[in-house]
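My notes follow the structure.

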Amino acid sequence: MSNSLPKSSGRMSVSQSRSQDIIKQHSSRHLGRLLQSFLFFILFYLYLWLYVDLRLMYHGAGIITNFPVFYKGWTFFLPFLSYPGGPLEYLSAFLSQLFYYSWAGAIVVTVQAWLLSVCIDYLLKAANLLRIRWICFILPFLLLVLYTRYTYYFATTMALLIALIITCLYIKMTLSRTTTLSCLSTFLSLSVILYYLAGGAFLLFAVVCAIYELIFRFRWKTSLFYLLSAAAIPYVVGLLIFRISIIDAFCNSLPFSWKILYYEVRKRQVTFVYLLYVLLPLTLFVFGLLQILWKRLHFVKGRTKKKHRKKLSNLLLKIFSRYRHSPKLKWTVESLLLLAIAGSAVFYSRDENLRTRFKVDYYSYHKMWPELLTSAQHNAEDPFIAHAVNRALYHVGRLGYNMFSWPQHPDYLFLSDNKYKWTYWQIFDVFLDIGVINIAENALAECLEGIGDRPMVLQRLALINMVKGSLGTAKIYLGVLSKTLFHAEWAKHYLELLQTDPGLSTDKYIQHLRSLYLDKDCLTHTLLMEKTLLELLERNSQNRMAFEYLMARYMLNKHLGKFVQNLERLHDFDYRELPTHYEEAALIYVYGTRKPFNLSGYPPSPQKRQQIEDFSRLLSSYGRNKQAASKELSKKFRNTYFYYYKFASIGSNK
Amino acid sequence: MTRMHIRMKTKLHKTGKAKFIYAIIVCTLIAVSLFYACRDRKALITQYSSIDRPAKVQPNYAGSVIPPNIAPLNFVIQQEGTGYFVRIYSEKGNPIEIFSRKPAILIPKHPWHELLDLNRGRQLNLDVYVEFAAGASSSKGENIRWSRFQTLTAQIAPEDIDTFLVYRKIRPGHGTWRDMGIYQRNLSSFSESVILDNGYFKHGCVNCHAFCRNSAEKMLLGIRSAVYGSSALLLEGDKVQKIGTKFGYTSWHPSGRVAAFSVNKVRQLFHSAASEVRDVMDFDSLMSYYLVDSKTVKTSPNLAKKDRLETYPTWSADGRYLYFCSAPVTWSDKTVVPESYDQIKYDLVRVSYDLDRDQWGQMESVLSAEDTGLSILLPRISPDGRWLLFSMCDYGCFPVYRQSSDLYMIDLEAAKKTGDFAYERLDINSSESESWHSFSSNSRWIVFSSKRGSGVFTRTYIAYVDKNGKVHKPIRLPQKDPAYYDSCLYTYSVPELITGPVRATKEQLGRVVRSSENISVKMPITMATPKPGQPPEYQQPWQTERE
């Protein structure tokens, strides 16, 4: 007895120390995983904030057409309570507004991604699939791809998140409940709540619960009941109670809703959203089945395997064993692998051209001209970017000097070709700047319908109506804007100004736009731009933009006769010197027609004369063979109008 | 577990439960006290200074004639103050007294209806008091904080207005659209419900709703969809059918057996420098009719003249005449905007019709554009057959886009006696466009769309027509939030009054739109250049969409 005590206490201390070791090991592994997640999500956040720049998505560039609007007050909130999925839409609309600040939007998306991974991790742990817990990072990877491609699926991914959270809740609540009835009641109550909150995303919950009950709890009847509920609940709650359409009852908030699939621009990269949705049920189903199979096989072939293993002792196994027993090494390798996969996902999904489109459009709307010109260099051939570049060049006073340093085509000035007939977002500002207010208003009204009552659109519409003196209409747009989160101050300023100064005589910008406003009306479906520009100049000969765009138009269309005729107008403006391209165009005209050289009083530049002679000489040296000479001419004269005049085809895009 | 343990646990449980109940009671008491403390206190205003002018209120109903069954006419007092008191009263019944800290006055529904019902045909008075932080001093040296403005008065009409109003809500776009729908509004309350919105058929277009004799029992609804095709929904009671062709502007024969409709080849255009950007032209159009019993579409040479554009049909109350607008085609190339587009003016004509024999008479001129100098559009005849209400504008076929569009009326009874269709411009017109008008079933009310106050957004107005044909100052369709229209981006168009609600559910209608089943009809001709047996060409949405 006396001997047995120390023996047993010795055994106990061994087991205690062993369990302490296990706890230590477990907690260090847990800490390692935490650190890994922390590092990953910090990088995730920085990437979204600094590279993707979520304010570009808020802006939308006319490409994102489903970015939600959000207004303060009950009037906006209450309708969201009237249909399943409405509360989630409201929450998503609110959180999406934070994209206005890139850093805040990045926090929202990072938290969302983190919660998604936490939910997946929890569910895999609950299913005892500990070896494949790395899967929890796949969802953030997919999100990275979606944001790198500038697609807006925030509401859909929020629905997924809520469905997963509720699934975790179900598993947690039913862990201690053994009776089927209590599980069923939990499932039904959670289902109704989830369906009301997130609409069709409830289907994912039902499917995951069904798989869980079937494969991990072996309750096929319960599983079947859950699947039947997936069909019944949307029908009863959605169709019979809330009276929404049967399609919406089942599909709202899901990536295969017609609200996404019906529109080409909205379904970009939708496959990745499908993957987000199927990942968990598929993982549980496949790995759950494999687990069952593995257990059965392991039970039968356990001995033989062990024997077989013993025989295998090679270098690879040693390395593997070392890797398994060195937590630090394991952590390092896993972390590097994680970053490598994330990096690859980002690398292969990035689209610099698209990103440039978003950036240029953002800078263009906010009149950030130097930033626009810097960014535009990445994708200068894009017609929309080229169009914005021309506008930026005008605003920095370089249109007559540098426009041919950029790719050009006659359509780029106003995006006037028939193929741009549905392009409204990109054109309203150029027409507003130049004074064709009605075309800008028309384009904005179309945007209001196509893209929604986004603050950017409302702001411009309010401005236009103030310019036109339609104060009643302006007040309505300002009234809507005053309910937004970030544009309310601007609206309130104008609403107050309209009270004190209805003529807006103190607002210089509005007065400036009024001074340009085209007053000659015509009824048309396609604006004749040359006629319009001349009418603008007739209305206000000081309309510099109309003049420069008219001259640019003549140059782009190679109408040099008309160009030279209008050089006289230079005196209406304060040009200290003749813009380079104007001189080049005038020289071509003079050389072509052999008419006397007249630069409307501006002294001719000997360098330009030399340049055109060099150009002509070089072309002659190739026997005037344009194709043969193009390479060398391009090297020396690429940025001149001489080169454009000779080589640009104005029939189709350059 | 011992008995003691169990008892203790029960006791603990009871204590916990009791605590919980106490907590709830305390919270409720606090909430109730807070509610009482914060709520607007009623005050008896004994001393006030009088202001010799009416208070500035929005909307201003003073001088209007209001339906006795209309929803409360909430309003905002546009006077700065720290408190507001309103007393609404008439000859009979209890006055309604409202004290508010905010300038928005929300009138309680039941007392309002009671007061209006008791005082049909009488005057409704509205006293407005405003509390100012620093008031004037009385002769006794007391500080008077309240001021009373002059009483505002409105007239309560003896006759009810039809309880439901159906309209389309759409944004003021030109060619594209996203959300639009046909809604019905209970005029006695603020309840609005969707009859059908385009969410049910993938954002197609829904428009041109027409009822037979102000009844929801017989209705036609136009649908355009790139996915499900163009069609017209025919509602007869609970039964909904899809007719496999698009109806334009539609009017039901009083018998409900025939529906006349226009087929329009619309072109949407814009003005480069006018106050209204948008405009619409019919490059071609004709009149046709659908026979409900035989499920056929027909036309007649007098309804579809090659050299004329026919549109906007409306039946006389006895069903013996079809009135419509007709303009000569003065240009040869029907694919381009004519130079003289602003000279296209529509005449008002009519053709007699024998329902039993399905026979049409000759076209007669009712009112010619040459005489009026304006384009005559949108004729509507009151159900009692007495009044013909129409709009006239400077040119064209789409008054809602013409600022010059005003409402006019002809006394058909007088015209019958004298043979002269003398017309009169209504006093209710504004400087902006007035259009899309229709009558109530008792012919005492008209509803119409007006752009007054904004120039872009159409709102619905309700006006009383007395027995002499005088149309009184209208009221804007009331909303619960009196500032609702200040930030409303929807236009309300084609308001139609009906006596009861549309019973078919939106899901039912949506299902019919989506289904492939339809009443297949053959168009007798398409446009003014006849092509027998073919349906009208599919028009791109931007060509046909209109407000």
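**Strand pairing across the chains**

Strands here are DSSP runs of E of at least two residues, helices are runs of H or I of at least four residues, and both are numbered from the N terminus. I count two strands as paired if DSSP finds at least two bridges between them. In β19(B), F270(B) stands opposite T524(A).

I note that this is a predicted model, in which local features need pLDDT of at least 70 and side-chain atom pairs count only at pLDDT 80 or more, while totals for chains, interfaces and linings use all residues. Residues are numbered from 1 along each chain as its sequence is written, and chains are lettered from A in the order in which they are written.

**Contacts between A and B**

I then looked up the contacts, and 38 residues of chain A touch 37 residues of chain B (C-beta atoms, placed from the backbone, within 7 Å). On the chain A side, the elements giving two or more residues are α11 (246–251), α21 (437–450), α23 (471–481) and β1 (523–524). The largest share, nine residues, comes from α21(A). I sorted the residues of this side into 14 nonpolar, 12 polar and 12 charged. Nonpolar covers Ala, Val, Leu, Ile, Met, Phe, Trp, Tyr, Cys and Pro; charged covers Asp, Glu, Lys and Arg; the others, Gly among them, are polar.

**A sheet in chain B**

I found an open sheet of three strands in chain B, ordered β2-β4-β7 with antiparallel pairing. Its edge strands, β2 (57–58) and β7 (104–105), each pair on one side only. V57(B) stands opposite I77(B) in β4(B).

Note on methods
Two residues are in contact if their C-beta atoms, placed from the backbone, lie within 7 Å.
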